Amino acid sequence: QVQLVESGGGLVQAGGSLRLSCATSGRTFSRYEMGWYRQAPGKERELVAAIGSGGNTYYVSSVRGRFTISRDNAKNIVYLQMSSLKLEDTAVYYCAADRVPGTSDYRYWGQGTQVTVSS
């Protein structure tokens with residue numbers, strides 16, 4: 001069983017920065033595609049960013065240029081560096097591991113970390 005533990009969320013003013021971390025158990029981390037999702041109150045969960053085993057990345061258009069996803073395979077950690085934060089970035093952010101091929105679903109999920117952006 002793979003366990004994911006997110007950290008780094010919190011309260012930040014608009015325009016500020018936060019870095020989320022997701023520590024992952026298991027020996028096959030380097031093979032996993034990793035993703036960061038978020039869900040705001042009353043909204044559907046959305047994929048924010050993803051990084052493949054080869055380092056290729058994806059960003060939803062609303063965060064492109066402001067967020068950066070990266071991974072450290074030696075430490076089994078995936079990061080989400082968030083800059084120029086906006087009020088609309090407020091959400092619970094979830095780390096996900098091991099995308100099911102041919103789908104947008106992931107097999108493993110963290111418990112989530114709250115990010116609140118204030119004015």
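**An aromatic cluster and an open sheet**

In this predicted model, Tyr 37, Tyr 106 and Trp 109 are linked by ring pairs into a cluster. A pair of aromatic rings is described by how far apart the centres lie and by the angle of the planes. For Tyr 37 and Tyr 106 the arrangement is edge-to-face, with 5.8 Å centre to centre and 85° between the planes. This pair links distant parts of the chain, since Tyr 37 belongs to strand β4 (residues 34–39) and Tyr 106 to strand β10 (residues 106–109), 69 residues apart. Tyr 106 also forms an edge-to-face pair with Trp 109, at 6.3 Å centre to centre and with 75° between the planes.

Elsewhere, Arg 71 lies over the face of Phe 29, at 4.7 Å from the ring centre.

Turning to the strands, four of them form an open sheet in the order β1-β3-β8-β7, with antiparallel pairing. Strands β1 (4–7) and β7 (67–72) are the edges of this sheet, each pairing on one side only, and neighbouring strands are turned against each other by 15° on average, direction ignored. Within the sheet, β3 (residues 18–24) and β8 (residues 77–82) run antiparallel and are joined by six bridges; Leu 18 has Met 82 as its bridge partner in β8.

Conventions
Residues are numbered from 1 along each chain as its sequence is written. This is a predicted model: local features need pLDDT of at least 70, side-chain atom pairs count only at pLDDT 80 or more; totals for chains, interfaces and linings use all residues. Side-chain values use heavy atoms; hydrogens and water are left out. Two strands pair if DSSP finds at least two bridges between them. Helices (H or I, at least four residues) and strands (E, at least two) are DSSP runs, numbered from the N terminus. Axes are lines fitted to C-alpha atoms, for helices over the stretch in contact, and angles run from 0 to 180 degrees between N-to-C directions. Rings of Phe, Tyr and Trp (its six-membered ring) pair if their centres lie within 6.5 Å; planes under 30 degrees apart count as stacked, over 60 as edge-to-face and the rest as tilted. A charge sits over a ring if NZ of Lys or CZ of Arg is within 6 Å of the ring centre and within 35 degrees of the ring normal.
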